[in-house]
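Subject: Structure handover

Hi,

Here is the structure I promised to pass on. Please open it next to this message and follow along.

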Amino acid sequence: MFRFSLGLIALLSLGPAVRAEGPSRIIVSVREQKLMVMGNGERLATYPVSTSKFGIGDNWGRMTTPLGFLQVAEKIGDHAPVGAVFRNRRFTGEIIKPNAPGRDPVITRIIWLRGLEPSNAHAFSRCIYIHGTPQEKLIGRPASYGCIRMKSRDVAALYAQVPLGAIVEIVPDKLPNIPKAPRGAVFTVEAPKPAAEKVEGHTGPEKASETTARKHVETEEQPHFGRGA
């Protein structure tokens, strides 16, 4: 709780320009491998996740999950079906089922994060996402290459709840003890920006160093630091 209080102070010090435009906030616990959605100071939902199997940090080439305050910078896959496969943030047209053998692409939805602190300043260029994964049997323990993995149904629900600009805090400790919102509580969602609605997603250039990242069973995505399969 003390860690959470310090986090709130740090968030306020960032100023209104970097806060969510709605009452939304996400907290990810590396220790518990859980993600909590907050609205109006109450707990709306908790989901199991997988952070990096290589630990925490934001250095290039380490494939780790960054800590601290980040922000939802882009949302990709607004109308894509559950299980939709993304390659370089574009829907390929393929749909795969959970735990498809030998498959490890980014699927269903992409929530792209931008770091707000010096300690996570590389997060956006490292392509740190919250995204769906077909390897659902690994959810609940560290298994990613830097990103935050979720089950497809969970990331689709999160995507629908969380607006652009929402604050995401990734902490090494347990989730704070936040009271649960009353049944039927309504989550205020900001209207999506037109550029973020497209299934095709972001098409900007990636850093050349991203093409020299880890080797793994992923065959659908070009490997790059923190791509997060």
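Over which ring does the charged end of Arg109 sit? The ring belongs to Tyr159, and the charged end of Arg109 is 5.4 Å from its centre. Lys75 also lies over the face of Tyr159, at 4.5 Å from the ring centre. Please keep in mind that this is a predicted model.

**Overall layout**

The protein has 229 residues, and 53% of them count as buried. There are 3 helices and 10 strands. Starting at the N terminus, the order of elements is α-β-β-β-β-β-β-β-β-β-α-β-α. Take the contacts between residues at least 6 apart in sequence: 70% of them join residues at least 24 apart. The accessible surface is about 10300 Å². Carbon and sulfur atoms account for 56% of that surface.

**Cores**

In soluble globular proteins, nonpolar side chains tend to be buried together. Here the largest nonpolar core has 25 residues. Val28, Leu35, Val72, Leu113, Ile130, Met150 and Leu158 have the most contacts inside this core. Several elements give two or more residues to it, among them β1 (24–29), β2 (34–39), β4 (68–76) and β10 (167–171). The largest share, 3 residues, comes from α2.

Leu35 is worth a click. Set aside its neighbours within four places in sequence. Leu35 is then in contact with residues including Ile26, Val28, Ala45, Tyr47, Ile130, Met150 and Leu158.

There is also a second, separate core of 11 residues. Ile76, Phe86, Ile110 and Cys127 are included in this second core.

**The β5–β6 hairpin**

Strands β5 (residues 84–87) and β6 (residues 90–95) run antiparallel and are joined by 3 bridges. They form a hairpin with 2 residues between them. Asn88, in the turn, has a positive phi of about 50 degrees. Arg87 stands opposite Arg90 in β6.

β5 has another partner to look at. It pairs with β7 (residues 106–115) in the antiparallel sense, over 2 bridges. Within that pairing, Val85 has Ile107 as its bridge partner in β7.

**Aromatic rings**

How many aromatic pairs does the structure hold? There are 4. One of them is Phe86 with Phe91, a tilted pair. Its centres are 6.2 Å apart, with 45 degrees between the planes. Is Phe86 buried or exposed? Phe86 is buried, because its relative accessible area is 0%. Phe91 counts as partly exposed, because its relative accessibility is 29%.

Trp112 and Tyr129 make an edge-to-face pair, because their planes stand at 90 degrees; the ring centres are 5.7 Å apart. This pair links distant parts of the chain: Trp112 is in β7, Tyr129 is in β8 (residues 129–132), and 17 residues separate them. Both Trp112 and Tyr129 are buried. Ring pairs link Trp112, Phe124 and Tyr129 into a cluster.

Trp60 is in the loop between β3 and β4. Why does Trp60 count as partly exposed? Because its relative accessible area is 28%, and the partly exposed class runs between the buried limit of 20% and the exposed limit of 50%. Trp60 and Ala123 are 63 residues apart along the chain. Their C-alpha atoms are separated by 9.6 Å.

Best wishes

How values were computed:
Residues numbered from 1 in each chain as written. Predicted model: local features only at pLDDT ≥ 70, side-chain atom pairs only at ≥ 80, totals over all residues. Heavy atoms only, no water. Pairing = 2+ DSSP bridges. Helix = DSSP H or I, 4+ residues; strand = E, 2+ residues; numbered from the N terminus. Core = buried A, V, L, I, M, F, W, Y, C linked by side-chain atoms within 4.5 Å. Buried < 20%, exposed > 50% of the residue type's maximum accessible area, 1.4 Å probe, protein only. Contact = heavy atoms within 4.5 Å. Areas by Shrake-Rupley, 256 points an atom, 1.4 Å probe, with all protein chains shown as cover. Phe/Tyr/Trp six-rings, centres within 6.5 Å; stacked < 30°, edge-to-face > 60°. Lys NZ or Arg CZ within 6 Å of the ring centre and 35° of its normal.
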